[in-house]
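Look at the sequence and the structure before reading on.

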Amino acid sequence: EGDETNIEDTPQILASCKTVKELCDAFDCLAYIPETISVICTVCVTNPRLAGVHTPGYFSYDISNDEIYSQSGVTSRQFRNLKSHLKKHFKLRDHQRSVETIEFERVEVVSKEHIYDTFLRISPSPFPSSTLRPPS
């Protein structure tokens, strides 16, 4: 899947993609935003409406360029440029740090849930019976 994709596999995965839909399916962190006519890296761009051409992870792309491939079997220059920019973006230290942070937070949440579930299994509830979770 996208966020778990090994960085070494990225060039082969990018090469196999022929449309933006295929890119977004191959990489969980990519999304096409019609309102801004762009592809964004959801790991790096937190608010697509505030992003612009100089925002890392924001890539202007008109989806109508994908029609060239569906009609001729050849990808457009704009699509090939997009894939080139994505390849560079995925190698950026900032992108890799963002992915690592998300993975760390995911592991941390899973660990906390596991600890809490284990606690519930091995000890009587210290909370009133009407409360399923500890008070916040």
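This is a predicted model: local features need pLDDT of at least 70, side-chain atom pairs count only at pLDDT 80 or more; totals for chains, interfaces and linings use all residues.

## Overall layout

The protein chain has 136 residues, of which 30% are buried. It contains five helices and three strands. Read from the N terminus, the order of the elements is α-α-β-β-β-α-α-α.

Among contacts between residues at least 6 apart in sequence, 44% join residues at least 24 apart.

In soluble globular proteins, nonpolar side chains tend to be buried together. Here the largest nonpolar core has 18 residues, and Leu23, Leu30, Leu82 and Leu86 touch the most other members. Two or more residues each come from α2 (20-26), β2 (38-41) and α4. Helix α4 gives the largest share, four residues.

Leucine 23 shows how such contacts run. Beyond its neighbours within four places in sequence, leucine 23 is in contact with Leu14, Cys17, Leu30, Phe79, Leu82, Lys83 and Leu86. Another core lies apart from the largest one; it has six residues, including Ala31, Val45, Ala51 and Tyr58.

## Aromatic pairs

The structure holds two aromatic pairs. In one of them, tyrosine 61 and phenylalanine 79 have ring centres 6.1 Å apart and planes at 65°, so the pair is edge-to-face. Tyrosine 61 sits in the loop between β3 (58-60) and α3 (66-72), while phenylalanine 79 belongs to helix α4 (residues 77-91), so the pair ties together parts 18 residues apart in sequence. Both tyrosine 61 and phenylalanine 79 are buried.

Note on methods. Residues are numbered from 1 along each chain as its sequence is written. Side-chain values use heavy atoms; hydrogens and water are left out. Buried means under 20% relative accessible area, exposed over 50%, partly exposed in between (1.4 Å probe, protein chains only). Contact means heavy atoms within 4.5 Å. Rings of Phe, Tyr and Trp (its six-membered ring) pair if their centres lie within 6.5 Å; planes under 30 degrees apart count as stacked, over 60 as edge-to-face and the rest as tilted. A nonpolar core is a set of buried Ala, Val, Leu, Ile, Met, Phe, Trp, Tyr and Cys residues joined through side-chain atoms within 4.5 Å.
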